[in-house]
Amino acid sequence: MLIDTHTHLYLEDFKDDIGIVIQNALQNDIQKMLLPNIDMDSVEPMLNLHQQFKDCTYIMTGLHPTSVDKAWRTTLNNILTTIEKQAKPIAVGEAGIDLYWDKTFVEEQKEAFIFQIEYAINNNLPIVIHSRNSLDLIIEMIKPYQGKLRGVFHCFPGHVQQAIQLVDQGFYLGLGGVVTYKNAKMAEVAAQLPLESIILETDAPFLSPQGKRGQRNESANIKDIALFIAEKRNTDFETICKVTTANAYKLFDL
Ligand SMILES: [Zn+2]
């Protein structure tokens, strides 16, 4: 059994065939799909999807850094209260800092991230961290919360040294399609870090694994990622399934 710990199956990309997409995941033994929120617009489709597939989907609550602007406080409050009323989130996310697309609201991004870190701690939830061109900044920002904050660096963008540092602090690394690209840095992380710190994710519909690039990504592709990591680590597919699934159970308290 495998778990897709990060998948946006509620997006428009899946509106015509979501039943088939979920069926396909279940048939490939991807038994659970975790849905990170993005912004206010994604709340309703996410909750609807969860309503429709209650046994295999789980929801998160939070505001994505690329959706942060001057009004972030109001937006985030709306998101948190709307979700809280209808379902129980298993994590805060995705939250973080993204300096790749736009730096206009960098101060607001930091404020919104800190707010969500404290919300996660106060509600005893893990946090799902999105980091793009900002890993060192985020490592610095989470330092004061060491020992209190737990979570995962989704689509981990760093090198082995940074990975070790985060794993030592109890964080998990979310690995997805990017590890299968011709990128020595990521393959090294996938091969060298303790398996006990790794969870698997697709980030569907984005970041399809090698061989399927350019196509819409979906949760069934978790299998490709597990196979790739098994090969890199010279271990068998079953071990990757068993350990990463146990890790996800533990982190998200499934
Ligand atoms: Zn995502």
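Predicted model: local features only at pLDDT ≥ 70, side-chain atom pairs only at ≥ 80, totals over all residues.

Sheet to begin with. Eight strands make an open sheet, and the pairing is parallel. The order is β1-β2-β3-β4-β5-β6-β7-β8. At the edges sit β1, residues 2–4, and β8, residues 198–200. Each of those two pairs on one side only. From one strand to the next, the twist averages 30 degrees.

Now zoom in on β3 and β4. Strand β3 covers residues 57–61, strand β4 covers 91–98, and two bridges link them in the parallel sense. Look at T61: opposite it, in β4, stands V92.

Most peptide bonds are trans. The bond joining G93 and E94 is cis, with omega about 0 degrees. E94 lies in strand β4. There is another cis bond, from A204 to P205, with omega near 10 degrees. P205 belongs to the loop between β8 and α8.

On to phi. Most residues other than glycine have a negative value. D29 has a positive one, near 65 degrees. Find D29 in the loop between α1 and β2. C155 is positive too, with phi near 50 degrees. Its place is the loop between β6 and α6.

So are these two buried or exposed? The cut-off for buried is 20 or more other C-beta atoms within 10 Å. C155 has 24, so C155 is buried. D29 has 13 C-beta neighbours inside 10 Å, so D29 counts as partly exposed.

That's my tour.

Technical notes: Residues numbered from 1 in each chain as written. Pairing = 2+ DSSP bridges. Helix = DSSP H or I, 4+ residues; strand = E, 2+ residues; numbered from the N terminus. Axes fitted to C-alpha atoms, helices over the stretch in contact; angles between N-to-C directions. Buried ≥ 20, exposed ≤ 12 C-beta atoms within 10 Å, placed from the backbone.
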